[in-house]
Amino acid sequence: MMTVMSSQFQPILDRIMAEIDRTPGRGRSADYIPALAARDPRSFGMAVAELDGTVYGVGDWRQPFSAQSITKVFTLALDLAREGDELWEYVGREPSGNPFNSLVQLEYENGIPRNPFINAGALVVTDRFQTRTGDAAGELLAFLRTESGNSSLDFDEEVAASETAHGDRNAALAHFMASYGNIDNPVPVLLDQYFRQCSIEASCADLALAASFLARHGIRADGTRLLTRSQAKQINAVMLTCGTYDAAGDFAYRVGLPGKSGVGGGIIAVVPGRCTLCVWSPGLDERGNSVAGVAALDRFTTLTGLSVF
Ligand code: DON
C-alpha cells in the first residue's frame, strides 16, 4: 500500500494542473442558467484540505465560483443533524439513473424523490430544513462561513435571480411533489430558498474546508459534533452512489471517492479519515459534471492511491 505524506500533496496538485493544461476539450459552461453561461471553461483550480485545516491548492483555487448543487450536501447534513432518520420517509437514497432535473420517476414513485442530490430530492430537504429553521439558505450560509473560516462568503443575487427567471423545471418539480403532500412550504418560498442556496459563491479552498466534517466522521472545525459517525458514513455513501447523478457509476469507477458536483463546475470529494478535495472548472459534460474536474480527481486518486477502495 502506497503511503502519501502530506508534503507530497503540493507537487501532486502541480503535476495534475500541468496535465490538465495539456488536455484539450473542457466541455461547456451551464447555459440553462444564463448568469453562469459566460464562465470561462479553461479556468481550473483544485484544493486539498487536511483534517487539521491545512490547505494545499493550485490554479484558481482561491477564486469564488457558483457552488450550485454542491450545497445540497451541506443542507442534507444540517437537516439530518436536526431531524434524524425521519427524513428518509420523504426522500429516498437510491441512485436515480436519470438526469439531475428529471421529473420522470416522481409520478410512479408517489412524489418521493429517489435521493437528496437530484433536484427533486434537494427541494424536499431544503423544504424540511426551511420548516425547521425559517431561513434555510441563511443557516446554510452561516455554516459555510464558520466551517471555511471565510466570513465574506455570500449569495450571488444575480445568479439567484437568473435561476428564478428560468426556473420552470424546478417549479414544476416542487409543485408536483406538493400535489403529493411532500412539500410543506408555499412553492415560491421554497424556490426562493433553494435558488439562493444554490447561488452561494465559494472557492475550492472554502468548500474543501467546509466539507471537512465528512472526513472527520461528523466533527466540525471547532471540535463539536454535527453528525454521528454513522450519519457521516451515510452521507458519504449517498455521495458515492448519487452525487454525480447518472454518471455516479463512472465517477466511482474512475475516482473511487464520495463526490458531489455542481453545474457551476465544482466537485467536492472526501477521503474519510484523511482529507477533502474540491476542484473547479466550469466546462461540463452532458450529464452536468465538470470535465476537467472529474479528470483531475481521477488523476489524484491514481497518483496517491487515496480512495475508499
Ligand atoms: O437547480 C438547478 O438546476 C441548479 N441550481 C443546480 C443544479 C446542479 O448543480 C446540478 N449539478 N450538477
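Trainee: Is the crossing of α2 and α4 left-handed or right-handed?

Mentor: This is a predicted model, and the crossing of α2 with α4 in it is left-handed. On the α2 side, the residues that make the contact are Lys 72, Thr 75, Leu 76, Leu 78, Asp 79, Arg 82 and Glu 83. On the α4 side they are Ala 122, Val 125, Thr 126, Arg 128, Phe 129 and Arg 132. Sorted by class, this contact holds six charged, five nonpolar and two polar residues. Helix α2 covers residues 71-83 and helix α4 covers residues 119-133. Their axes are 9 Å apart and the packing angle is about 50 degrees.

Now α4 itself. The helix has 15 residues, and at 1.5 Å a residue these should span 21 Å; the end C-alpha atoms are 20 Å apart, which agrees. Of those 15 residues, 12 are buried, so α4 is largely enclosed by the rest of the structure. The buried residues are Asn 119, Ala 120, Gly 121, Ala 122, Leu 123, Val 124, Val 125, Thr 126, Asp 127, Arg 128, Phe 129 and Gln 130. Among these, Ala 122, Val 125, Thr 126, Arg 128 and Phe 129 also belong to the contact with α2. The cover over the buried residues of α4 includes α2, α3 (104-108), α5, α7 (168-179) and α8. Just after the helix comes Gly 134, with a positive phi of about 80 degrees.

Helix α5 (residues 136-148) and helix α8 (residues 187-198) have axes that come within 8 Å and cross at roughly 20 degrees. That makes α5 roughly parallel to α8. The crossing of α5 and α8 is right-handed, whereas that of α2 and α4 is left-handed. Helix α5 contributes Ala 136, Ala 137 and Leu 140 to the contact, and α8 contributes Gln 193, Arg 196 and Gln 197. By class, the contact of α5 with α8 has three nonpolar residues, two polar ones and one charged.

How values were computed:
Residues are numbered from 1 along each chain as its sequence is written. This is a predicted model: local features need pLDDT of at least 70, side-chain atom pairs count only at pLDDT 80 or more; totals for chains, interfaces and linings use all residues. Axes are lines fitted to C-alpha atoms, for helices over the stretch in contact, and angles run from 0 to 180 degrees between N-to-C directions. Helices (H or I, at least four residues) and strands (E, at least two) are DSSP runs, numbered from the N terminus. A crossing is left-handed if the near helix is turned anticlockwise from the far one by less than a right angle, and right-handed if clockwise. Two residues are in contact if their C-beta atoms, placed from the backbone, lie within 7 Å. Ala, Val, Leu, Ile, Met, Phe, Trp, Tyr, Cys and Pro count as nonpolar, Asp, Glu, Lys and Arg as charged, and the others, Gly among them, as polar. Angles under 35 degrees count as roughly parallel, over 145 as roughly antiparallel, 65 to 115 as roughly perpendicular and the rest as oblique. The expected span of a helix is 1.5 Å times one less than its number of residues. A residue is buried if 20 or more other C-beta atoms lie within 10 Å of its own, exposed if 12 or fewer, and partly exposed in between; C-beta atoms are placed from the backbone.
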